[in-house]
Amino acid sequence: MSGSSLPIVLYVLRRLVQAVPLVVGIVTINFILIRLAPGDPATLLAGEFADRATVDRLREEFGLNEPLWVQYATYLWKVASLDLGHSYRFRAPVTEIVLGRLPNTLLLLVVSFGLSMVLGILLAALSARRPNSAFDNTASTIAMLGYCLPMFWLGMMLILVFSSLLGWLPTGGMYSLRGNATGMALVADIARHLILPATAYAAYFMAMAYRLTRAKLIETLREDYIRTARMKGLSERRVLFGHALRNAMVPVIAVMGLDFGVMIGGAVVVETVFSWPGVGRLMYESILSRDYPLLLGIFVIVSFGVIVVNLLADLVAALVDPRIAYD
Amino acid sequence: MSGAGGAGGGTLLAVEDLRLHIDTYRGTVRAIDGISFTVGQQESVGIVGESGSGKSMTALSVLGFTPPGARVVSGRVSFEGRDLLALNDAGMRAIRGARLAMVFQDPMTFLNPLMRIGDQIGEVLVTHRGLGRREARARAVEALRLVRIPSPETVAGQYPHQLSGGMRQRALIAMAIVGEPALLIADEPTTALDVTVQAQIIALLRDIKEERGLSLLLITHDLGIVAHVCDRLYVVYAGRIMEEGAVRTLFARSMHPYTAALLASVAYDEDAGGTVSFIEGNVPNPIDPPPGCRFQTRCPRVMPVCRRMQPPRLPQGGDHAVYCWLHAPELPDVRD
């Protein structure tokens with residue numbers, strides 16, 4: 001446990017190697033699924049009024065004339081060499097486009113995730129102290145709402161109230177159009193644009209973190225070692241945060257890690273509603289325009305991200321709980 | 001109450017007429033129904049009874065740990081001159097771990113699985129003495145050495161799951177004594193352990209009591225342990241005391257039929273075909289118990305008066321007292 005960090009390094013390496021077939025599988029399934037969908041990208045790319053020759057030229061250019069298995073083999077090989085191909089629409093390398101959008105999504109994700117975890121866990125701790133108190137009932141009802149309301153609907157309502165009616169915050173985007181702010185002014189501008197999408201995004205995950213933590217915490221507070229902690233004369237706050245919360249967090253971390261995939265799905269919705277220039281909106285747009293290489297590229301990068309986050313969640317859980325062995 | 005016997009003199013803990021009721025859907029359970037006992041300075045006192053007799057509940061209510069739904073209906077718990085039942089939460093916290101500490105039944109579940117042993121022990125000193133973590137850890141190692149844990153430095157850095165049951169119970173004892181309390185309450189401290197380990201833990205408790213000059217209140221169902229460790233003994237049954245006195249006296253000439261039955265059930269009787277003697281009948285329903293003596297439903301020598309009136313405390317000289325009509329100088333008239 002303590003001392004050598006070698007077991008951890010080996011564990012991470014093994015987990016990463018184990019992830020390779022998973023990524024290949026995901027790429028394969030997505031490749032097949034997307035070719036099964038109706039519609040021809042060359043026609044779409046050329047536009048409604050393009051002549052036959054233009055369409056044929058585009059087909060040739062993007063290799064769409066090759067047999068499916070050739071397209072697949074070529075694609076796999078390229079993915080392996082980290083070349084995710086060229087986007088039909090943007091006429092630029094997929095990797096470049098996705099990596100360009102990734103920081104925007106990460107900003108939204110990290111802020112929302114941080115917000116939902118901190119607030120969700122804090123409220124859960126206050127609720128679990130006195131289950132069924134007025135505070136607990138209020139918080140639990142609000143969490144139930146956050147859990148049930150569709151993200152896109154909540155987003156639109158937030159725009160309606162805070163942008164259209166009150167005019168306090170921008171309706172979408174990441175920067176003010178006419179702004180050419182720099183430094184702190186730019187940070188403030190982005191923050192203003194971030195508030196609504198982050199709120200819509202965080203509502204669900206905060207509700208989930210709250211419900212999970214509250215349930216686990218109430219259970220943990222009945223454990224025998226909590227009585228030991230009280231026997232020692234510790235304050236209730238110390239008992240709650242020093243002893244109970246840490247124990248309750250172990251399963252919460254695991255579940256939140258697993259649900260990271262759901263968060264990506266949320267990113268598509270929220271970024272589309274708020275015109276946030278991130279990977280989620282890029283994914284939505286590439287579906288609409290049948291930009292296969294771009295869509296597949298996003299899938300690969302996102303699934304890799306999910307795998308990495310799951311691994312991180314397992315590592316954090318192992319860090320919190322010494323009983324989890326790296327094997 | 002007679003004065004506390006035993007080694008040290010003055011009374012440290014005095015519980016008077018403690019009554020604790022638990023409200024359930026089926027009615028009010030009289031878990032503790034008027035129990036009085038004392039523990040003297042540096043004295044070792046045992047409370048013996050079977051499961052459900054209220055002995056653990058008594059220990060827990062001294063520390064202010066009453067289960068949900070339970071309320072102390074009456075009684076006084078005075079410890080070092082203070083009424084613990086009248087203390088607020090902060091006052092109670094200042095005493096817990098510092099003056100009054102407890103060792104619980106199951107060492108497997110009473111240690112925080114995510115915290116190093118040394119930190120769990122040191123936390124007592126961080127809380128009560130304001131020590132820094134480093135110093136607290138050093139004192140924790142000392143406490144581990146006191147409970148005879150080999151290589152205490154290593155163990156202080158380990159987690160509970162890395163220790164055996166006996167080691168964990170030693171760690172819990174270290175946690176209880178590190179704050180140098182005046183009274184250590186041990187609630188069935190050996191029940192969850194292997195027999196060989198049980199003997200070690202009992203010996204350890206006795207040694208520590210002597211070395212540290214503290215008082216010990218031992219809650220157990222095991223008369224053998226009491227014989228090894230305690231000066232005085234209270235026999236409880238269904239929330240009431242049946243008999244009390246010096247261990248020697250009670251073992252030599254118990255006067256209550258329940259004490260006699262308990263003593264008989266300890267012995268493994270080779271002559272009787274290797275059977276273990278047990279007490280016939282059932283414990284009375286703690287919801288609406290019958291009037292009179294609690295042991296009437298199982299007592300081999302039950303009399304009409306036992307079904308009507310609760311027997312008074314009958315002093316038998318010294319610390320010895322019995323709650324049984326058999327030893328009353330004259331019986332009240334209970335004819336219908």
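Reply: Let's begin with domains: their bounds come from an automatic or database domain assignment. Keep in mind that this is a predicted model.

Me: Okay, which domains does the assignment give for chain A?

Reply: Chain A has domain 1, residues 6–80, and domain 2, residues 95–320. Their C-alpha centres lie 31 Å apart.

Me: How many residues does each domain of chain A put into the contact?

Reply: Residues count as in contact if their C-beta atoms, placed from the backbone, lie within 7 Å. Here domain 1 of chain A brings 14 residues and domain 2 of chain A brings 11.

Me: Which element gives the most on the domain 1 side of chain A?

Reply: That's α1(A), with 10 residues. Both α1 (6–36) and α2 (41–46) of chain A supply at least two residues there. By type, that side has 11 nonpolar residues, two polar and one charged.

Me: Now helix packing. At what angle do α5 and α8 of chain A pack?

Reply: For a helix pair, look at the angle and at how far apart the axes are. Helix α5 (residues 94–129) and helix α8 (residues 183–220) of chain A pack at about 35°, with axes 6 Å apart. The crossing of α5(A) past α8(A) is right-handed. Their contact includes 22 nonpolar residues, five polar and one charged.

Me: And between the chains, how many residues come from chain A and from chain B?

Reply: Chain B gives 25 residues and chain A gives 20. On the chain B side, α2 (89–95), β6 (100–103) and α3 (117–128) each supply at least two. The largest share, four residues, is from α3(B). That side of chain B splits into 14 nonpolar, seven polar and four charged residues.

Technical notes. Residues are numbered from 1 along each chain as its sequence is written. Chains are lettered from A and ligands numbered from 1 in the order in which they are written. This is a predicted model: local features need pLDDT of at least 70, side-chain atom pairs count only at pLDDT 80 or more; totals for chains, interfaces and linings use all residues. Axes are lines fitted to C-alpha atoms, for helices over the stretch in contact, and angles run from 0 to 180 degrees between N-to-C directions. A crossing is left-handed if the near helix is turned anticlockwise from the far one by less than a right angle, and right-handed if clockwise. Ala, Val, Leu, Ile, Met, Phe, Trp, Tyr, Cys and Pro count as nonpolar, Asp, Glu, Lys and Arg as charged, and the others, Gly among them, as polar. Two residues are in contact if their C-beta atoms, placed from the backbone, lie within 7 Å.
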